[in-house]
Amino acid sequence: FRAYGVAVPTPGGVQAADTQVLGEFLKGVIELNEKQRNFRIFGPDETLSNRLNAVFKATNRQFVGEITANDEFLATDGRVMEMLSEHQCEGWLEGYLLTGRHGLFNCYEAFIHIIDSMFNQHAKWLKVSAELPWRKEIASLNYLLASHVWQQAHNGFTHQDPGFLDLVVNKKASIIQVYLPPDANCFLSVWDHCLRSKHYVNVVVAGKYQAHQWRS
């Protein structure tokens with residue numbers, strides 16, 4: 001992940017968009033996964049909005065309908081699964097994990113509440129299955145939440161709500177991790193860890209706009 005880092009000559013001396021930097025890292029993950037093909041990015045129509053643009057240099061949105069000349073980043077074989085239904089995306093990812101694969105769910109922080117009960121059930125399943133010696137660990141359920149509460153844009157009242165973290169931290173610490181990285185390089189390190197981890201729910205909240213960078 002260090003190959004994708006932002007050069008920080010002095011703390012606060014440069015600016016970068018954290019999720020845009022992560023997009024380049026995820027592009028690399030997709031390229032390295034070309035043979036195994038067991039990694040996907042899930043989410044509503046927010047992959048571009050959350051500044052993960054770089055992934056579309058390596059893949060497309062999977063789409064099995066008719067593709068017209070005006071369609072963007074659509075193909076019958078893509079590693080990005082987008083549908084404007086948080087329930088559908090959550091269900092896809094949970095099934096993907098339960099069948100031995102791995103990925104992440106990117107969403108606006110305010111709208112992840114739509115799958116609160118689905119998260120609850122998966123977290124309960126993780127806790128119980130961890131107590132069964134014959135049950136193998138699975139890849140972690142990873143959430144990337146951008147468009148967060150601290151970025152008040154023109155739609156701040158409707159699009160910001162940090163309450164998902166309240167729900168998450170009610171669960172057992174043995175299966176829950178929450179990360180609030182302060183800059184792009186910390187963000188990269190966190191995601192390198194999350195994508196390697198097993199049997200957790202990892203929730204990572206980060207900004208998508210230009211911001212000061214602090215750590216090398």
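Select Asp77 and Arg37: their side chains meet in a salt bridge, with N to O at 2.6 Å. A salt bridge here is a side-chain nitrogen of Lys or Arg within 4 Å of a carboxyl oxygen of Asp or Glu. Asp77 sits in the loop between β4 (74-75) and β5 (80-82), and Arg37 in the loop between α1 and β2 (39-43), so this pair ties together parts that are 40 residues apart in sequence. Helices (H or I, at least four residues) and strands (E, at least two) are DSSP runs, numbered from the N terminus. This is a predicted model, in which local features need pLDDT of at least 70 and side-chain atom pairs count only at pLDDT 80 or more, while totals for chains, interfaces and linings use all residues. Residues are numbered from 1 along each chain as its sequence is written, and side-chain values use heavy atoms, with hydrogens and water left out.

Is Asp77 buried or exposed, or partly exposed? Its relative accessibility is 45%, so Asp77 counts as partly exposed. Buried means under 20% relative accessible area, exposed over 50%, and partly exposed in between (1.4 Å probe, protein chains only). Arg37, at 28%, is partly exposed.

Next, select Arg61 and Glu82, which form a salt bridge whose closest N and O atoms are 2.6 Å apart. Arg61 belongs to strand β3 (residues 61-62) and Glu82 to strand β5, so the pair ties together parts that are 21 residues apart in sequence. Arg61 is buried at 13% relative accessibility, and Glu82 is buried with a relative accessible area of 19%.

Salt bridges that share partners join Glu34, Arg37 and Asp77 into one network.

Now move to helix α1 (residues 18-32) and pick Lys27 and Glu31, which lie four residues apart, about one turn of the helix. A salt bridge joins their side chains (2.9 Å, N to O). Lys27 is buried, at 18% relative accessible area, whereas Glu31 is partly exposed, at 43%. How many salt bridges does the structure hold? There are seven.

For the last stop, select Asn38 in the loop between α1 and β2. Asn38 is buried, with a relative accessible area of 17%. Its side chain makes a polar contact of 2.6 Å with the side chain of Asn33. A polar contact is a pair of N or O atoms within 3.5 Å; within protein, one must be able to donate a hydrogen and the other to accept it, and residues adjacent in sequence count only if both atoms are side-chain atoms.
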